Amino acid sequence: MIQNVATDNTEMFAGYPDLLTPAHIAEITGMSVQYARTMCRTGMLPTVQVGKSRWYVPKQRFIAFLIGDCDQ
């Protein structure tokens, strides 16, 4: 069943790039961009850091985070 939920969620996020920015996260969740950055910086979200201040969240890992599948 979780596989079907993940597939449905992947389709729901099809319009987003494979690497989500804090602005994308804010748009999807309704939180502020600043809070999304804080979640990236503090490790609350599964992120990839590029340079000192560029944060990206792999879309597949964000979907897993949203559905509570922390093993992804």
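Mentor: Axes are lines fitted to C-alpha atoms, for helices over the stretch in contact, and the angle between two of them runs from 0 to 180 degrees between N-to-C directions. Please keep in mind that this model is predicted.

Trainee: At roughly what angle do the axes of α2 and α3 cross?

Mentor: They cross at roughly 115°, and the axes come within 8 Å. The crossing in which α2 passes α3 is right-handed.

Trainee: Which residues of α2 and α3 meet?

Mentor: From α2 there are Pro22, Ala23, Ile25 and Ala26, and from α3 they meet Val33, Ala36, Arg37 and Cys40. Sorted by class, this contact has seven nonpolar residues, no polar ones and one charged residue.

Trainee: Which residues of helix α2 are buried?

Mentor: Helix α2 covers residues 22-29, and its buried residues are Pro22, His24, Ile25 and Ala26. Their cover includes β1 (19-20), α3 (33-41), β3 (54-58) and α4 (59-67). Just after α2, glycine 30 takes a positive phi of about 90°.

Trainee: Why is alanine 26 called buried?

Mentor: A residue counts as buried when its relative accessible area is under 20%. Alanine 26 has a value of 8%, and therefore it is buried. Alanine 26 lies in helix α2.

Trainee: With which residues is alanine 26 in contact, leaving aside its neighbours within four places in sequence?

Mentor: Alanine 26 is then in contact with Met31, Ser32, Val33 and Ala36. Alanine 36 is ten residues away along the chain, yet the C-alpha atoms of alanine 26 and alanine 36 are separated by 6.1 Å.

Trainee: How many residues does the largest nonpolar core have?

Mentor: The largest nonpolar core has twelve residues, among them Ile25, Ala36, Met39, Cys40, Trp55 and Phe62. The elements that give two or more residues to this core are α3, β3 and α4. Of the elements, α3 gives the most, with three residues. One of the core residues is Met39; beyond its neighbours within four places in sequence, methionine 39 is in contact with Met31, Met44, Leu45 and Phe65.

Trainee: Where in the chain is confidence lowest, and where is it highest?

Mentor: Where pLDDT is low, the predicted coordinates should not be read in detail. Here confidence is lowest in helix α1 (residues 2-12), at a mean of 59, and highest in β1, at 96. Over residues 1-6, pLDDT stays under 50, and the model has three contacts for them beyond four places in sequence. The chain averages a pLDDT of 85, and 82% of the residues score at least 70.

How values were computed:
Residues numbered from 1 in each chain as written. Predicted model: local features only at pLDDT ≥ 70, side-chain atom pairs only at ≥ 80, totals over all residues. Heavy atoms only, no water. Buried < 20%, exposed > 50% of the residue type's maximum accessible area, 1.4 Å probe, protein only. Helix = DSSP H or I, 4+ residues; strand = E, 2+ residues; numbered from the N terminus. Contact = heavy atoms within 4.5 Å. pLDDT = per-residue confidence, 0-100. Core = buried A, V, L, I, M, F, W, Y, C linked by side-chain atoms within 4.5 Å. Left-handed = near helix turned anticlockwise from the far one by under 90°. Nonpolar A, V, L, I, M, F, W, Y, C, P; charged D, E, K, R; others polar.
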